[in-house]
Amino acid sequence: MTGPRRTTRLDGSGQDVGQGLGRLVVTLLEVVRQVIERQALRRVELGDLSEDDVERLGRALLQLEETFDELIDRFGVVPEDLYLPFDLDALVRPAPSRRAP
């Protein structure tokens, strides 16, 4: 038989919780943004894209950055809040090709 369950309450206002959640969302979006940017640069370097594609991609990346900056301002996130404890380059590095025996 178990004893009564203790519930844990978080101290803080709804605004604190909202800002914390905002930081989490912005951090996750930063990961996605950096992966997209690295993939785009990789494709440009490989020559996979036409000049028009490169132009569209550049505009899309600039728009993404502007939107991201708006989110940072909206949630009051500072660069130190965006701690990414892993190697983003490893996420976009092409997998080593496997040779058939």
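Guide: What follows is a short exchange about the labels used for this predicted model.

Visitor: Why is Ile72 called buried?

Guide: Ile72, which lies in helix H2 (residues 51-75), has a relative accessibility of 18%; buried means under 20%, so Ile72 counts as buried. Its C-alpha is 8.2 Å from that of Arg23, although Ile72 and Arg23 are 49 residues apart in sequence.

Visitor: How do you know that Arg33 is buried?

Guide: The relative accessible area of Arg33, a residue of helix H1 (residues 14-46), is 14%, and because the cut-off for buried is under 20%, Arg33 is given that label. Across the protein, buried residues make up 17% of the 101 residues.

Visitor: What makes the pairing of the Arg33 and Glu30 side chains a polar contact?

Guide: The distance between the two side chains is 2.9 Å, and a polar contact requires a pair of N or O atoms within 3.5 Å, one able to donate a hydrogen and the other to accept it, so the Arg33 and Glu30 pair qualifies.

Visitor: Which residues does Arg33 touch, not counting those up to four places away in sequence?

Guide: With that exclusion, Arg33 touches Leu64 and Phe68, contact being a matter of heavy atoms within 4.5 Å. For the protein, 81% of contacts between residues at least 6 apart in sequence join residues at least 24 apart.

Methods. Residues are numbered from 1 along each chain as its sequence is written. This is a predicted model: local features need pLDDT of at least 70, side-chain atom pairs count only at pLDDT 80 or more; totals for chains, interfaces and linings use all residues. Side-chain values use heavy atoms; hydrogens and water are left out. Buried means under 20% relative accessible area, exposed over 50%, partly exposed in between (1.4 Å probe, protein chains only). Helices (H or I, at least four residues) and strands (E, at least two) are DSSP runs, numbered from the N terminus.
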